[in-house]
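This briefing is meant for a reader who is meeting the structure for the first time.

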Amino acid sequence: PLFRSIRGSRKGVRSPVVPSRSMRRIVIVFVALIVPACSEPKNFLVFGDWGMGNEQQRAVAEQMKTTAKADKAEFVVNVGDNFYKTTLDSKGKAQGGVNNLTDPLWQSYFEKVYNLTLENLTFYSILGNHDYMGNASAQLLYHTLDSRWVMPDRNYTVRLSLDGDDESESTTVLFVFIDTSPFIAGYYSKPENPTMGQQLAHQDYKKQLAWLNETLRASTDAWKIVVGHHPIKAVAGVSSRSSYAINASCAASFGSVRRCCLLLRPRA
């Protein structure tokens with residue numbers, strides 16, 4: 001069994017970077033963490049941009065169930081943009097996220113989809129830019145209604161044992177979850193809807209980076225995996241100004257540690 005300890009940070013993020021266009025499709029990745037000291041790899045699923053509550057989402061959920069069963073996936077890492085909406089507000093602005101803990105989207109996008117497919121797996125989650133179009137704080141509290149949903153803060157850590165119940169630092173992996181939307185300057189100057197601007201106004205990216213640096217510096221875990229929504233590097237030949245900006249902001253953090261794996265949403 002996996003041992004886990006969860007710690008949150010109340011450090012926010014305010015900043016100077018630039019926006020990337022959101023992907024309106026589900027991304028799923030299967031990850032096998034190969035650890036020499038362990039007899040078998042630790043397998044888990046990674047996905048994001050998933051919440052439309054439609055046939056395509058349910059089809060992906062079924063495939064996730066098949067893959068998780070075949071490869072003994074132990075948990076899910078959710079990299080954000082959890083709830084999309086196809087409607088616009090009264091001013092023609094995009095909408096997204098959930099309104100509160102009782103928003104019907106929790107049932108139609110999450111519970112009724114993954115309760116039938118991945119009911120035994122924990123979803124370690126983070127916010128995406130579309131989640132800021134709704135009530136982002138509601139996603140931080142949903143674990144009080146469903147313990148499978150884990151997002152205790154905008155920035156938090158999860159430590160997992162790699163070989164049984166031994167909590168020894170030499171046999172653990174540290175997942176560091178960071179909220180990347182506050183790094184994007186365009187979300188402040190031209191927010192995708194008013195709700196996003198209002199919520200991001202309370203963030204401070206310098207404090208977040210200080211927390212990230214200290215977390216990575218203090219860790220003596222065998223592996224460190226940093227998880228966020230926006231990509232550090234663009235792929236598929238597509239340039240991303242936000243990727244360069246986030247990479248520049250976090251370069252010192254990631255360059256100061258060995259064996260630090262970045263686990264963020266791929267870009268189309």
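This is a predicted model: local features need pLDDT of at least 70, side-chain atom pairs count only at pLDDT 80 or more; totals for chains, interfaces and linings use all residues.

The points below describe the setting of serine 181 and then turn to other topics.

**Around serine 181**

- With a relative accessible area of 0%, serine 181 falls under the 20% limit and is therefore buried.
- A polar atom of the serine 181 side chain lies 3.3 Å from the backbone nitrogen of asparagine 129.
- When neighbours within four places in sequence are left aside, serine 181 is in contact with Gly128, Asn129, Tyr132, Tyr187, Leu200 and His230.

**Aromatic pairs**

- The model has a count of 25 aromatic pairs, taking rings of Phe, Tyr and Trp whose centres lie within 6.5 Å.
- In one of these pairs, the ring centres of phenylalanine 44 and phenylalanine 75 are 4.8 Å apart and the planes meet at 10 degrees, which is under 30 degrees, so the pair counts as stacked.
- This pair links distant parts of the chain, since phenylalanine 44 belongs to strand β3 (residues 42-48), while phenylalanine 75 sits in the loop between α1 (55-71) and β4 (76-78), 31 residues apart.
- Phenylalanine 44 counts as buried because its relative accessibility is 1%, and phenylalanine 75, with a relative accessible area of 5%, is buried too.
- Phenylalanine 175 and phenylalanine 177 form another stacked pair, with 6.3 Å from centre to centre and 25 degrees between the planes, and both of these residues are buried.
- Ring pairs also join Phe47, Trp50, Phe83, Trp106, Tyr109, Phe110, Tyr114, Phe123, Tyr142 and Trp149 into a cluster.

**The nonpolar core**

- The largest nonpolar core holds 60 residues, and among them Val77, Tyr114, Phe175 and Phe177 touch the most other members.
- Helix α2 (residues 105-114) supplies the largest share of this core, namely six residues.

**The chain as a whole**

- The secondary structure of the protein chain consists of seven helices and 12 strands.
- Of the 268 residues in the protein chain, 53% are buried.
- Among contacts in the protein chain with a separation of 6 or more, 79% are between residues 24 or more positions apart.
- The protein chain exposes about 12100 Å², of which carbon and sulfur atoms supply 52%.

Technical notes
Residues are numbered from 1 along each chain as its sequence is written. Side-chain values use heavy atoms; hydrogens and water are left out. A nonpolar core is a set of buried Ala, Val, Leu, Ile, Met, Phe, Trp, Tyr and Cys residues joined through side-chain atoms within 4.5 Å. Buried means under 20% relative accessible area, exposed over 50%, partly exposed in between (1.4 Å probe, protein chains only). Helices (H or I, at least four residues) and strands (E, at least two) are DSSP runs, numbered from the N terminus. Contact means heavy atoms within 4.5 Å. Accessible areas come from the Shrake-Rupley method with a 1.4 Å probe; for residues, only the protein chains shown count as cover. A polar contact is a pair of N or O atoms within 3.5 Å; within protein, one must be able to donate a hydrogen and the other to accept it, and residues adjacent in sequence count only if both atoms are side-chain atoms. Rings of Phe, Tyr and Trp (its six-membered ring) pair if their centres lie within 6.5 Å; planes under 30 degrees apart count as stacked, over 60 as edge-to-face and the rest as tilted.
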